[in-house]
Amino acid sequence: MDFSYDVIVIGAGHAGCEAAAAAANMGSRTCLITIDMTKIAQMSCNPAIGGIAKGQIVREIDAMGGYMGIVTDKSAIQFRILNRSKGPAMWSPRAQCDRARFVQNWRHILENLPNLNIWQDIVTELIVNEGKVQGIKTLQGAEFKAKCVILTAGTFLNGLMHIGHVQMPGGRISEPASYGLTESITRHGIHSGRMKTGTPVRIDSRSVDFSLMEIQEGENDFHRFSFMETERNLKQMCCWTCFTNERVHEILRSALADSPLYNGQIKSIGPRYCPSIETKLFTFPDKDRHQLFLEPEGENTNEMYLNGFSSSMPMDVQIRALKEIPAFRNLVVYRPGYAIEYDYFDPTELNPSLESKIISGLYMAGQVNGTTGYEEAGGQGLIAGINAALNCRGQEPLILGRDESYIGVLIDDLVTKGVDEPYRMFTSRAEFRILLRQDDADIRLTEKSHNLGLATDERYYRMTSKRDTIDSLIEFAKTYSIKPAIINPVLEELGTTPLREGCKLIDLINRPQITLLNIAPHIKALARELDRIDKERKDEIIEAAEIKMKYSGYIDRERLIADKMVRLESIRIKGRFDYSSLQSLSTEARQKLCRINPETLAQASRIPGVSPSDINVLLVLLNR
């Protein structure tokens, strides 16, 4: 074998899979190294993809030619759009997946990609020479050479699991931790820290009384994660909800002295927005119950996931507490929940390309950057893979703006602000979220990816066809005239005010009671326009066109604001100042600017501790 590659990816989690696939599809000779080939893209915690803001990230990954959306659609056993009661900027797809099928589908893709090899081993050392990555060494004694290395090790670096007083080394239950790699990186001046995450008990469905739970159905409309032609072929299944009670809380409180989170055994910081059940009791002492979601792990298994009951409490405490919930009186579990501590690296020591500022050719993505979530990892992995491939070609990196994608927001937050707890994406983190909707991720991003050679011609054609059809439909609505005498009876039937004078069709569509579909039967010309749309994509295109029409004022206003920010993004300042010598800056600003060394004036303005007056100082100096 030839152990020389363009790109080596360490870790085959969600970041690693997207990174390896992107680099290989862009023509780089790539090797993906994983501890266990049967656990490629393993869903370590909840077997679900998407959710609020996370679903938008998956749509962006798919739009750029990544695979998370395709794999999710093929593995989905329940699909829903969250936040339907809010505006379309907040609509977020989510799918419960068959855990085993998800792994199988990802492995099938990776094993059949040209330019990609897979090696099963544990990486123990990063080879660096004069500040430039040269390759890696493994536990089995193999030595790989590479132009670029992408680290996506997840929770495996010095991983330590906790169940009460029981401590077990490992990156996941029954899987070994990775030792030595963190130390081989930090000795070059890169800073590391420790973070914590956790996962709940797994339950045997045969022991559950579902009659005492509330059913949660999925949706079976046209929505998918992938913009390509994918189908949800697996049996669609239900989820179930129930609540904890005061007796459950009493048992948990009485055992807090044995909780690794509260007895000092765990010293690292866990995710704020996915807390353990014991943290919920501590943070919300006045709540007498907490909602739990019982979710299937697959189409053909009795194993179920208890969302909302993540815990590192002793095994017997977890089981005793759960048995106080009526539906779980006869509870049988496959294994208890546990917490895991692991190493991460300071993401402010990365460039926006996700390449290390300290070791040239080293890229990092996923939980090693202090994030939490499959989707956040996949988005980072995709960008790291693209930029490693571009590096190998000697080309400039791809940097996505905050007005272009949630992935851009995520990476900018990491490299600009850093993390002091596991980072999770929310729609509220994006100042331009009306521009970053899930329905138009392909129109925002596919052309960029196609120009890089990643998104295929087929994907690009589907995007341009969709975009042209939407534009044609909107133009028709803008120019087609409506007469009151013909349409007023219909408007009254739909519960909206009759017209006093004629108007354009788009003025009707902008009413909340009116949609293209409910008005089309009464306007023959519109019905003909809709009939011309490709049947396979008709619903998707109609929804996207309607959103653009109804929300055009908000979209245009936000685009105007975003364009002003883009102008600041175009002012590049990296390498132009010796910040330590600028006494007109505040002390904090000098320290932060020296440490982050921002690429642009806009990035500098987002650094915590850099004030508007500091930015004005830099503007004055630039003008000089």
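Reader: By class, what makes up the lining of the second largest pocket?

Author: This is a predicted model, to start with. The lining of that pocket has 13 nonpolar, seven polar and nine charged residues.

Reader: How much space lies in the second largest pocket, and which lining residues are the closest to its centre?

Author: The space comes to about 600 Å³. There are 29 lining residues, and Pro352, Ile399, Glu569, Arg572 and Thr600 are the closest to the centre.

Reader: Which helix gives the most to the lining of the second largest pocket?

Author: That's α10, with five residues. Helices α10 (406–417) and α18 (552–569) each put at least two residues into this lining.

Reader: What makes a space a cavity rather than a pocket, and how many cavities of 30 Å³ or more are there?

Author: A 1.4 Å probe fits inside a cavity but cannot get out, whereas a pocket is open. By that rule, the count is two cavities of 30 Å³ or more.

Reader: Which residues line the largest cavity?

Author: The lining is made of Phe227, Met228, Asp442, Thr446, Arg459, Arg462, Met463 and Arg537. By class, that's three nonpolar, one polar and four charged. Helices α11 (441–452) and α12 (457–479) supply at least two residues each, and α12 gives the most, with three.

Reader: And which ones line the second largest cavity?

Author: You'll find Leu350, Asn351, Pro352, Lys357, Val415, Ile596, Asn597, Pro598, Glu599 and Gln603 there. They divide into five nonpolar, three polar and two charged. Pro352 also turned up above, among the residues closest to the centre of the second largest pocket.

Reader: Back to phenylalanine 227: why does it count as buried?

Author: The cut-off for buried is under 20% relative accessible area. Phenylalanine 227 has 4% relative accessibility, so it counts as buried.

Reader: Where does phenylalanine 227 lie, and what is it in contact with?

Author: It lies in the loop between β13 (214–216) and β14 (239–243). Leaving aside neighbours within four places in sequence, phenylalanine 227 is in contact with Arg59, Asp62, Ala63, Gln438, Asp439, Ala441, Asp442, Arg462, Lys466, Arg537 and Glu540. Lysine 145 is 82 residues away along the chain, and the two C-alpha atoms are separated by 37 Å.

Reader: Why is helix α3 called largely enclosed by the rest of the structure?

Author: Count the buried residues: seven of the eight in α3 (residues 68–75) qualify, so the helix is largely enclosed. The buried ones are Met68, Gly69, Ile70, Val71, Thr72, Asp73 and Ser75.

Reader: What makes a set of residues a nonpolar core, and how many residues has the largest one?

Author: The members have to be buried, of the nonpolar kinds, and joined through side-chain atoms within 4.5 Å. The largest core has 110 residues, and Ile8, Leu126, Leu151 and Ile386 have the most contacts inside it. Helix α9 (residues 374–393) gives the most to this core, with nine residues. In soluble globular proteins, nonpolar side chains tend to be buried together.

Reader: What is isoleucine 8 in contact with, leaving aside its neighbours within four places in sequence?

Author: Isoleucine 8 is in contact with Cys31, Ile33, Ile136, Phe144, Lys145, Ala146, Cys148, Val149 and Ile150. For a contact, heavy atoms have to lie within 4.5 Å.

Technical notes
Residues numbered from 1 in each chain as written. Predicted model: local features only at pLDDT ≥ 70, side-chain atom pairs only at ≥ 80, totals over all residues. Heavy atoms only, no water. Buried < 20%, exposed > 50% of the residue type's maximum accessible area, 1.4 Å probe, protein only. Helix = DSSP H or I, 4+ residues; strand = E, 2+ residues; numbered from the N terminus. 1 Å grid on protein atoms, 1.4 Å probe; cavity = no way out; pocket = protein on both sides within 12 Å on 5 of 7 lines; lining within 4 Å. Points joined across faces, edges and corners; volume = space filled by probe spheres on them. Nonpolar A, V, L, I, M, F, W, Y, C, P; charged D, E, K, R; others polar.
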